[in-house]
Each structure stands twice: as structure tokens, then as C-alpha cells.
Amino acid sequence: MAIGVFDSGVGGLTVHRELTRRFPERDFVYLADQANAPYGGRGGEEIVDLTRAGCERLFEAGASVIVLACNTASAIALRRLQQTWVPEARARHGRPVNVLGIIVPTIEAATGLPWSYEAERNGEKVEAIDVIGVFCTAATAMSRVYEIEIDKRREDLAVFSEACPGLAGLIELGAPAEELRVVVQDHVASLRRRIGRHPDKAILGCTHYEIVADVFAAALPPGTPIIHQPAAVADALDRYFERHPEYDLGGSGRRDFLTTGKPGPQSELVSQFWGEPLTFASA
């Protein structure tokens, strides 16, 4: 049994790495759907179908709890899977299983409030508003999940999402550092023009972007706080496992890396981020 981590590609490794640090004794199976990456430009039903197929493969590989380390899958597919598919999967596999996302922990980190909290609206004017910039895929931006869910909890936070089409794909392919720098700078400048100023803090709303977090930090004004999803997800998962001891997560420290794409070594960019060469096996 193991913790499963799923992403359309290598971006989820940012979450995976933090989870293995937090739970070093647990077994992990990582699945990258590189044959279909990136998800950001795909339609909603296709994203649901691809995410369901990836989760089923991870359940077959022994995962008890799967973390969707993909904002697009979490925004578009997670609720559908939890409501209509996970109960059937539990019955079919004959054991406790679940699928969790990364947007809820990110919003909790951004607002400083639990997911269960919803602000009371008293009609009073909010004097000071901080702006959060969310850099994300087109599908996540279109879902408006960050705007909607943060506004439910904090009237003093305004959210502007900046879709970055193609950026996840460039990172997935190991694009040169200069090309990535130019693309990121263009999106930071675009967001600044839309807001009229730079955001007070930023969310990297695609786990691929965490691989180049230093590039975003350099493009934003010095000292701009960046909410990092890997740490937020690890914190939330720690709390989740305390509440749900029924899941068998393994205890041998096993690490398996699977891909629906071409098996073998990953890009130099991924190796640099990971700290050593990383090789995937065929899913």
C-alpha cells in the first residue's frame, strides 16, 4: 500500500518531494500522464476522464490515498471523482481509498482560514484590500476557483488569475532557462498591467511552476511573498492522516515513478530540480 501522487507531467514532483520529506517512512507511487500532458488546454470532460484513468492506475499499483498534484485536475475533476467515482472504487477494490486535491490546502494557506470557514457579509465597506496574483493554466483560470473560494472567506483579498498557456509544456520539455525567464517575465508584466500594480503576494497555481519558482521570484518585486503549494499540501495531508488512520500507507520507504509517456530519464531541468537524475518506468 502507498500514497499515490498524480500529475499530468513532472510538475507534481514538487509536491511529491515535499511529501516524501514529511513522510519518509511511507511508500509512494508517482504517476505522470506525460502521454497527454499538459492538461491546461484540454476540455473539462477530457480532463475528468484522464484524471480518472490515472487514479485507477494508481489504485491498481496499491495507492490508498491519491494526491492530485495538478491544479487543473483538482479544479476540474476532483469534485466529480469524489462524489461519483471514489465510492464505487472503494467497493471495487475492497479497501479504503480516496482522492484529494491541492487547491483546498492552497486556499487555506492564502487566507489563513480553514476550508470550513465562510465569512459573514455585513455590508460594511472594506477599507484595505490586498491583491493576490495566481499564475496558472488556462483551465484553472477559467474555473475561477481561486477567485470564488478566497472571496467566500476573505473580503479583504482580491484575486487576479493570470493564465500562462504553454508554460507548463515548456517546463515539461526542459526548455532553456532564458526562454523560461522571458515567458515568466511577460506574464508577470501582463498581470501588473491588468491590476495596475504588482500583486501583494502570489500563488504558483500550477505545480510545474514550482520547478521555476526562483524565476517567478526574480520577476516579481523583491520580497513578494509566494505561497508554495508543496508545503501547504504536506501540512494538510499530515492533518488528514491524523483524522483518518484507516488508510494503509505502507512503511518500507518505497519510491516508484511511472509515466504513460516515454519511460526513461527525465529532462535536465527536472534532474536539477530533483537534485539527481530521475528515471520513470512505463505505467
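A helix here is a DSSP run of H or I that covers at least four residues, with numbering from the N terminus. Helix 4 (residues 78-93) is one such run, and Q83 sits in it. Keep in mind that this is a predicted model.

Is Q83 buried or exposed? With a relative accessibility of 57%, Q83 counts as exposed, because the cut-off for that label is over 50%. For a sense of distance, take Q34: 49 residues separate Q83 and Q34 along the chain, and their C-alpha atoms are 26 Å apart.

**Aromatic rings around F257**

Now for the rings. The model has twelve aromatic pairs. F257 takes part in a pair with W274 and also in a pair with F280. Here they are side by side:

| Pair | Centre to centre | Angle between planes | Kind |
|---|---|---|---|
| F257 and W274 | 5.7 Å | 85 degrees | edge-to-face |
| F257 and F280 | 5.8 Å | 5 degrees | stacked |

Why does the pair of F257 and W274 count as edge-to-face? Its planes stand at 85 degrees, and the label applies to angles over 60, so edge-to-face it is. For F257 and F280 the planes are 5 degrees apart, and anything under 30 degrees counts as stacked.

Where do these residues come from in the chain? F257 belongs to strand 9 (residues 255-259) and W274 to helix 13 (residues 268-274), so their pair ties together parts 17 residues apart in sequence. The other partner, F280, is in strand 11 (residues 279-282), and its pair with F257 links distant parts of the chain, 23 residues apart. As for accessibility, F257 and W274 are both buried, and F280 is buried too.

**Helix 1 against helix 12**

Finally, a helix packing. Helix 1 (residues 13-22) packs with helix 12 (residues 229-243) at an angle of about 45 degrees, and their axes are 8 Å apart. The crossing of helix 1 and helix 12 is right-handed.

Which residues make the contact? Helix 1 brings T14, V15, E18, L19 and R22, while helix 12 supplies P230, A231, V233, A234, D235, L237 and D238. Sorted by type, the contact residues comprise seven nonpolar, one polar and four charged.

Terms used: Residues numbered from 1 in each chain as written. Predicted model: local features only at pLDDT ≥ 70, side-chain atom pairs only at ≥ 80, totals over all residues. Heavy atoms only, no water. Axes fitted to C-alpha atoms, helices over the stretch in contact; angles between N-to-C directions. Helix = DSSP H or I, 4+ residues; strand = E, 2+ residues; numbered from the N terminus. Left-handed = near helix turned anticlockwise from the far one by under 90°. Contact = heavy atoms within 4.5 Å. Nonpolar A, V, L, I, M, F, W, Y, C, P; charged D, E, K, R; others polar. Phe/Tyr/Trp six-rings, centres within 6.5 Å; stacked < 30°, edge-to-face > 60°. Buried < 20%, exposed > 50% of the residue type's maximum accessible area, 1.4 Å probe, protein only.
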